[in-house]
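Okay, thanks for coming, everyone.

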Amino acid sequence: MKLEHHPTHDFMDASKTTRFQECPRAFFFEYILGSRKKGSSTHIDYGSAIHKGMEVLCKDGYSVKNAGRAYVAFRDELTSLLTPFELSELPPNKTLEKAKECFLGYIKTYPSDKLETLHVEVPFEVMIADSMSMRGKIDWIVRDDKGKVWAVDHKTAGSLSVSWKNQFT
């Protein structure tokens with residue numbers, strides 16, 4: 001069987017890498033043979049909307065007022081991505097009210113972050129082999145009070161992969 005080349009074969013991203021680490025065979029079927037379901041999911045859309053809200057906090061600072069603005073950015077993004085039916089079917093841990101709690105909780109948990117925002121949602125692509133690149137986005141690039149620059153990745157996953165957990169054991 002000869003596989004036809006597809007441009008998506010030329011790059012890796014976080015989803016592909018995680019899938020390969022979890023199950024190389026599933027990776028092959030989904031990403032090489034193309035059996036992966038097309039489109040997004042409410043979980044992915046919810047995470048994308050949370051990132052829109054986090055962008056407000058990262059750019060404008062941690063305050064109750066900005067948490068409210070973050071929630072509005074989240075809500076506007078989510079309602080543009082999901083139908084009213086999909087919104088009504090969100091799981092209990094991924095509701096509009098939970099997102100509001102999330103932003104308020106974030107500013108309460110990290111009130112003293114002295115981080116200077118340098119960039120938000122920065123796309124990147126780096127060559128990892130002769131004909132293969134890794135693509136993604138860095139959520140937040142900051143400078144701390146000692147002048148050190150950090151890349152921050154906000155996670156919104158409902159569960160963490162085995163490979164992610166194993167890196168700490």
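I'll go through the strands, then the salt bridges, and then a few residues.

Before that, some housekeeping. What you see is a predicted model, so local features need pLDDT of at least 70 and side-chain atom pairs count only at pLDDT 80 or more, while totals for chains, interfaces and linings use all residues. Residues are numbered from 1 along each chain as its sequence is written, and side-chain values use heavy atoms, with hydrogens and water left out.

Let's start with the strands. When I say helix or strand, I mean DSSP runs numbered from the N terminus, with at least four residues (H or I) for a helix and at least two (E) for a strand. Two strands pair if DSSP finds at least two bridges between them.

Which strand pairs with S2? That's S3: S2 covers residues 116-129, S3 covers residues 132-143, and the two pair antiparallel over 11 bridges. A hairpin through two residues takes you from S2 to S3. If you want a landmark there, find Phe124, which stands opposite Gly136 in S3.

S3 has other partners too. S4 runs antiparallel to S3, with four bridges joining them, and Arg143 stands opposite Val149 in S4. S3 and S4 also form a hairpin, this time with five residues between them, and Gly147 in that turn has a positive phi of about 90°. Then there's S1, residues 11-12, which pairs with S3 in the parallel sense over two bridges. Look for Met12 there, opposite Met134 in S3.

Now, salt bridges. The rule is a side-chain nitrogen of Lys or Arg within 4 Å of a carboxyl oxygen of Asp or Glu. How many salt bridges does that give? The count comes to eight. I'll also be talking about burial, so here are the cut-offs: buried is under 20% relative accessible area, exposed is over 50%, and partly exposed is in between, with a 1.4 Å probe and protein chains only.

Take Glu116 and Arg143, whose side chains meet in a salt bridge at 3.2 Å, N to O. Why is that pair worth a look? Glu116 sits in strand S2 and Arg143 in strand S3, so the pair ties together parts that are 27 residues apart in sequence. Glu116 is partly exposed, with a relative accessible area of 40%, and Arg143 is also in the partly exposed class, at 30%.

Salt bridges that share partners also join Arg19, Glu22 and Glu30 into one network. Arg19 is partly exposed at 26% relative accessible area, and Glu22 counts as partly exposed at 43%.

Glu101 is partly exposed at 43%, and Lys98 is partly exposed at 37%.

On to single residues. His154: buried or exposed? It's buried, because its relative accessible area is 10%. His154 is in the loop between strand S4 (149-152) and helix H7 (162-166). Its side chain makes a polar contact with the side chain of Tyr106 at 3.4 Å. A polar contact here is a pair of N or O atoms within 3.5 Å; within protein, one must be able to donate a hydrogen and the other to accept it, and residues adjacent in sequence count only if both atoms are side-chain atoms. Going by contact, meaning heavy atoms within 4.5 Å, and leaving out residues up to four places away in sequence, His154 touches His51, Met54, Cys58, Tyr106, Asp139 and Trp140.

For contrast, Glu89 counts as exposed, at 53% relative accessibility. You'll find Glu89 in the loop between helix H5 (84-88) and H6. Its C-alpha is 9.3 Å from that of Thr42, though the two are 47 residues apart along the chain.

Last stop: Phe29, in helix H2 (residues 24-32), is partly exposed at 41% relative accessibility. That's my tour, so let's take questions.
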